[in-house]
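The report below is written for someone meeting this structure for the first time, and it moves from the whole chain to selected details.

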Amino acid sequence: MYGDLFGTQMRQLPSIERMLSATTGKEQDAAITRAGDQGSLRDIIREELSATLAAVRQSEQQQQARPMQFIINNSTQANVEQSTVAASPEPAPPPPEPPREPATLMEGILMFLASPMNRFCLYSALGIGLYVLQGHLAHKWRMAEMQRRVDANLFLRLQNMF
């Protein structure tokens, strides 16, 4: 039990401990007296035993009370290599040519319709114009129908006269 802590000499300690714990204090004194030595053997054993048990208890308390220390070696490392190789700059593109004047009306219309945005705006304006025209014509037709019904009805015609 205590042989690990104190070497091979202490291997006999548990048997002495059992012998002493099995008997009371008076029986221990009588057993030691019968063994031969009157008081000195008893005192030596008692001192050795108490010193050994105190040392064991103290070492156990120190081991329990002492916190375990951890040493953590954290290290981080980052390497970045960046290289930029600049190519020879390309020559600047030539400036765009100014738009030329169309020679004929048809060429001007074709140049105007070449742009998608111009086509979108033209078709949108035509659509809105046709929608307004349809609304105007529908209103005119409804007014003509209403006038025809008024003319066909005798009571409504007399109402308009007076």
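## Burial and surface

Buried residues, meaning those under 20% relative accessible area with a 1.4 Å probe and protein chains only, make up 8% of the 162 residues in the protein. The protein exposes about 15300 Å², an area that comes from the Shrake-Rupley method with a 1.4 Å probe, and carbon and sulfur atoms supply 60% of it.

This is a predicted model, in which local features need pLDDT of at least 70 and side-chain atom pairs count only at pLDDT 80 or more, while totals for chains, interfaces and linings use all residues. Residues are numbered from 1 along each chain as its sequence is written, and side-chain values use heavy atoms, with hydrogens and water left out.

## Elements and contacts

The protein has 7 helices and 0 strands, where helices (H or I, at least four residues) and strands (E, at least two) are DSSP runs numbered from the N terminus. Among contacts in the protein (heavy atoms within 4.5 Å) with a separation of 6 or more, 35% are between residues 24 or more positions apart.

## Helix 6 and helix 7

The axes of helix 6 (residues 116–152) and helix 7 come within 5 Å and cross at roughly 100 degrees; such axes are lines fitted to C-alpha atoms, for helices over the stretch in contact, with angles running from 0 to 180 degrees between N-to-C directions. The two helices are therefore roughly perpendicular to each other, a term for angles of 65 to 115 degrees. Helix 6 contributes Val150, Asp151 and Ala152 to the contact, and helix 7 contributes Leu154, Leu156, Arg157 and Asn160.

Of the 8 residues of helix 7 (residues 154–161), the number buried is 0, so this helix lies largely in the open. Asparagine 153 caps the N-terminal end of helix 7, with a side-chain oxygen 3.2 Å from the backbone nitrogen of phenylalanine 155.

## Threonine 52

Threonine 52 has its place in helix 4 (residues 40–65) and counts as buried at 11% relative accessibility. The side chain of threonine 52 reaches the backbone oxygen of glutamate 48 at 2.7 Å.

How values were computed:
Buried < 20%, exposed > 50% of the residue type's maximum accessible area, 1.4 Å probe, protein only. Polar contact = N/O pair within 3.5 Å; in protein donor to acceptor, adjacent residues only side chain to side chain. Parallel < 35°, antiparallel > 145°, perpendicular 65-115°, else oblique.
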